[in-house]
Amino acid sequence: MAAEIIDGKAIAQAVRDEVRDKVTAMRAKTGKAPGLAVVLVGERKDSQTYVRSKKKACEEAGIESFGTDLPEDATEEEVLAVVAAYNADPNVHGILVQLPMPKHINEERVLGAIDYEKDVDGFHPLNIGRLSQRGREPLFVPCTPRGCIELLERTGIPIAGKEAVVVGRSNVVGTPAALLLQRRDATVTIVHSRTPNPEEICRRADIVIAACGQMEMVKGSWLKPGCAVIDVGINAKDDPSKKRGYRLVGDVEYDSAAEVAGHITPVPGGVGPMTIAILLQNTLEGAERAFGP
Ligand SMILES: NC(=O)C1=CN([C@@H]2O[C@H](COP(=O)(O)OP(=O)(O)OC[C@H]3O[C@@H](n4cnc5c(N)ncnc54)[C@H](OP(=O)(O)O)[C@@H]3O)[C@@H](O)[C@H]2O)C=CC1
Ligand SMILES: Nc1nc(=O)c2c([nH]1)NC[C@@H]1CN(c3ccc(C(=O)N[C@@H](CCC(=O)O)C(=O)O)cc3)C=[N+]21
Ligand SMILES: [Mg+2]
């Protein structure tokens, strides 16, 4: 039995179409549009690629995009000044500071300086704090974890009452993904680099979210037959048959996993496109709150 493929690209396009329609209606009603500001420090090629695709996605959705590129040796004060300017700009409803930043910059300080009402990445302590507390609602939820949940929900995979295992506990993916699953009444276990028996724990799961940054680590033999696998990982694997000399693979060994799982996301074309679609959705929601009912 081969797993059903969860088409992240198609689901992301559906989200982007919904956002575009709502932006069109907002423009007609208010004469105003949502705005997203992306701050990039340094010259990482991968970051530049991500920032370009975010800006293109904004254009297609009718969201205005603003951007500031700072050199690798920019000071923390300079980054904070850019954030402060976007905080004060009424045309900006979302601010994203591309990660990772150069080592000499204190990431916690910069992320904490973003107005939490414009924190479209959902990384501000107030938003993370609310996400972690029962009965509280964050203004924004981190894009990649929210994208994982949307993939499950839009595929009709039940979460409530299920056993979910998240592989990885980073602040940007694993931990918020686990919190979101828990808020939807899954029973959640987090596996990390000090977990001695990850295979055994994963085999209990109805839902596995893999976000450990380890190429093809989760194998088919780790999975319960019929489970749903959401592969967040993005890793470049050498492949001389490709023009670029590599291809992208996930944190899950796709071929063996697809023989056991009931549903699985591919890499590319799974979680990655959802991250960008949710960023647009978060920006729209920020603008809706700013403009009022
Ligand atoms: N598709 C998308 O939109 C996005 C994809 N990504 C990708 O997702 C993956 C995870 O990203 P991110 O969370 O930022 O990565 P990090 O490196 O920040 O975190 C990795 C986590 O996995 C854990 N881990 C590492 N090795 C193992 C192991 N052998 N067994 C179990 N757990 C392990 C680490 O544990 P410990 O805490 O103990 O160190 C850590 O908690 C990466 O492949 C990244 O490229 C990331 C963001 C967005
Ligand atoms: N402040 C901040 N917010 C982020 O959300 C953030 C960040 N920093 N730093 C880097 C990570 C990574 N990330 C991805 C976005 C899109 C794809 C994506 O579209 N991937 C395509 C493939 C793209 C390709 O072919 O290279 C796919 O998986 O199909 C992947 C990863 C957002 N991140
Ligand atoms: Mg994100």
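## Stop one: an enclosed strand

Select strand β2, residues 35-41: seven of its seven residues are buried, so the strand is largely enclosed by the rest of the structure. Buried here means 20 or more other C-beta atoms within 10 Å of a residue's own, exposed means 12 or fewer, and partly exposed is anything in between, with C-beta atoms placed from the backbone. Helices (H or I, at least four residues) and strands (E, at least two) are DSSP runs, numbered from the N terminus.

A word on ground rules: this is a predicted model, where local features need pLDDT of at least 70, side-chain atom pairs count only at pLDDT 80 or more, and totals for chains, interfaces and linings use all residues. Residues are numbered from 1 along each chain as its sequence is written, while chains are lettered from A and ligands numbered from 1 in the order in which they are written.

Two strands count as paired if DSSP finds at least two bridges between them. To find one bridge, click Ala37, whose partner in β3 is Phe66.

While you're in this part of the chain, select residues 6-121. UniProt lists that range, in an unreviewed entry, as "domain: Tetrahydrofolate dehydrogenase/cyclohydrolase catalytic". UniProt positions are given in the numbering used here, feature names are shortened, and annotations may be inferred rather than shown by experiment. The range is 52% helix and 16% strand, and its end C-alpha atoms are 24 Å apart.

## Stop two: the six-stranded sheet

Next, show the open sheet of six strands, in the order β1-β11-β8-β7-β5-β6, with parallel pairing. Zoom in on β5 (residues 163-167) and β7 (residues 207-210), which share four bridges in the parallel sense. Val165 has Val208 of β7 as its bridge partner.

Then bring in two helices. Helix α6 (residues 143-155) lies across β7, β8 (228-231) and β11 (263-264), at about 145 degrees to β8. Helix α7 (residues 174-183) lies across β5, β6 and β7, at about 165 degrees to β6. Axes are lines fitted to C-alpha atoms, for helices over the stretch in contact, and angles run from 0 to 180 degrees between N-to-C directions.

Pick Ala160, in the loop between α6 and β5. Ala160 is exposed, with 9 other C-beta atoms within 10 Å. Its contacts, not counting residues up to four places away in sequence, are Arg184, Asp185 and Ala186; contact means C-beta atoms, placed from the backbone, within 7 Å. The C-alpha atoms of Ala160 and Gln182 are separated by 8.5 Å, though the two are 22 residues apart along the chain.

Most residues other than glycine have a negative phi, and most peptide bonds are trans. Hop to Asp185, in the loop between α7 and β6, where phi is near 70 degrees. Is Asp185 buried or exposed? It counts as exposed, with 12 C-beta neighbours inside 10 Å. Glu216, in the loop between β7 and β8, also has a positive phi, near 50 degrees, but Glu216 counts as buried, with 20 C-beta neighbours inside 10 Å.

For cis peptide bonds, select Leu99 to Pro100, with omega near -5 degrees; Pro100 is in the loop between β4 (94-97) and α4 (107-113). The bond from Val267 to Pro268 is cis too, with omega near -5 degrees, and Pro268 is in the loop between β11 and α10 (271-291).

## Last stop: the two ligands

Centre on ligand 2. Its shell has 17 residues, the closest being Leu99, Pro268, Gly269, Gly272 and Thr275; a residue is near a molecule if its C-beta atom, placed from the backbone, lies within 6 Å of it. Helix α10 gives the largest share, four residues.

Finish at ligand 1, surrounded by 27 residues, with Gly168, Ser170, Ser193, Cys212 and Thr275 closest. Again α10 gives the largest share, here three residues.
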